[in-house]
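These are my notes on the model you sent.

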Amino acid sequence: MSEEIKINLSEKDMPKFWYNIAADLPTPLPPPLHPGTHNPIGPDDLAPLFPMDLIMQEVSQERDIEIPEPVREIYKQWRPSPLFRAKRLEKFLDTPAKIYYKYEGVSPAGSHKPNTAIPQAFYNKQAGVKRIVTETGAGQWGSSLSFAGSVFGLDISVFMVKVSFDQKPYRKALMESYGASCVASPSNLTEVGKMILKDNPENSGSLGIAISEAVEVAAKNSDTKYALGSVLNHVLLHQTIVGIESLKQMEIAGDDPDILVGCTGGGSNFAGLVFPFLGKQLQGGKKRKIVAIEPASCPSLTKGKYAYDFGDTGKLTPLVRMHTLGSSFMPPAVHAGGLRYHGMAPLISHIKELGLIDAKAYNQIEVFKAGIEFAKCEGILPAPEANHAVKGAIDEALLCKKEGVEKTILFNLCGHGHFDMQAYINYFSGNLKEMSYSEDELAMALSGLPSVSQ
Ligand SMILES: Cc1ncc(COP(=O)(O)O)c(C=O)c1O
């Protein structure tokens, strides 16, 4: 067994293929439906929003999908990312468990998001697109697509959820440094935004609203396409490079994880780590405990309904079957802005229904406490979203201690928190408060789910 702290792969060992879990699912994913007719949609229905190469990945059943050479060349800027053994954290917890983490904070934006921003910009550029419009919650995705736009010479416009826009001015400056534009959402630039602001000028925004604004702009402009930083099959596909590298790195470490942990907003970093391991299991390999961690203030997997719903608040997107809190649900303004989404990726929702993964919800103060314990031991200060995974891994390690078992835990440290210091300032000054949603509002949002006979 390796005694190394940091298990690195060389650039020549970087994966050449993404892994598509659709090829190994025991039952297929329910199809997306047209929002008007409720009939299954085909690739042509998505063509106004996405280039055809991405649409074909969205519906592909092929197991291994080649990563284009130019994308691999740019990935080399930060990939393969390191895998760490958290020896000092293990000692601090006094646990017999071995804890590993895959660190995605080494990317230019500071998280896993460039893993999909680069291929999305690449395929758009190939299709002759001039401009991409998107939403961002934490600011990580907006920064990543802005970086990708600068690499491929594309104009990028970002609608940033207002609460995060106010909390993180440096994210906007980073996007502008890459040549992109960034406005707070809801905005007066779209019909959806105007309608929402008319209703409540103080609306703090949500990912659902920002998606509506971006989709509206893309649908109205023929030279503009839309890009999403999570949820969709092709986004999760691009993130599987994280898990494929981890499989190799765990082998080099001479260990095999028993437990996998990741945080879930729309599900992409979790899927990125977990799907390649789960794929091995579906092909007859080892069964592992797999835990998705979400915020208690926006608990789509643990409290949501598995139903067809819109991906956005303005009801412009196709209907997808997912765990949802209802597309009109407004999550409280917690600091993990990337986890404030009313739904969950259809692929994650499907495997949860199949009993292949577990889910847990944590409150914001306990996850910041875990993140700070982690930083004291390992040096890296995690993003507020990643703190959820840290807390999940720590709890699994403490369970091993209680039960006296030596299990191996691997979690995705999906980003650093260097642009999230206001949240940490609030934590240290005692101003970080627990925030819960109103049960009445949740019930109201769920009662508005579209009635679909499928
Ligand atoms: C650092 C970080 N982690 C996690 C997430 C959640 O997204 P996903 O569930 O798609 O990984 C985000 C989203 O913005 C993020 O910025």
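This is a predicted model: local features need pLDDT of at least 70, side-chain atom pairs count only at pLDDT 80 or more; totals for chains, interfaces and linings use all residues.

1. The largest cavity holds about 340 Å³ of space.

2. Which residues lie nearest the centre of the largest cavity? They are K113, L207, S230, G266 and G338, out of 29 residues that line the cavity. By class, the lining has eleven nonpolar, 15 polar and three charged residues.

3. Four elements each give at least two residues to the lining of the largest cavity: strand 6 (131–136), helix 6 (140–152), helix 10 (207–220) and helix 13 (268–282).

4. The second largest cavity has a volume of about 70 Å³. Its lining includes P295, A296 and S297, along with Y362, N363 and Q364. V334, A336, H388, E434 and M435 also line the second largest cavity. Six of the lining residues are nonpolar, four are polar and one is charged. Over the whole structure, the search finds five cavities of 30 Å³ or more.

5. The chain has 19 helices and 15 strands. Its C-alpha atoms fill a box of roughly 55 × 50 × 45 Å along the principal axes.

6. Of the 454 residues, 62% are buried. Among contacts with a separation of 6 or more, 78% join residues 24 or more positions apart. The accessible surface of the chain is about 16,900 Å², and carbon and sulfur atoms account for 52% of that surface.

Notes:
Residues are numbered from 1 along each chain as its sequence is written. Side-chain values use heavy atoms; hydrogens and water are left out. On a 1 Å grid over the protein atoms alone, a cavity is a set of points where a 1.4 Å probe fits but cannot get out, and a pocket is an open set with protein on both sides within 12 Å along at least five of seven lines; lining residues have an atom within 4 Å of a point. Grid points are joined across faces, edges and corners, and a volume is the space filled by probe spheres set on the points. Ala, Val, Leu, Ile, Met, Phe, Trp, Tyr, Cys and Pro count as nonpolar, Asp, Glu, Lys and Arg as charged, and the others, Gly among them, as polar. Buried means under 20% relative accessible area, exposed over 50%, partly exposed in between (1.4 Å probe, protein chains only). Contact means heavy atoms within 4.5 Å. Accessible areas come from the Shrake-Rupley method with a 1.4 Å probe; for residues, only the protein chains shown count as cover.
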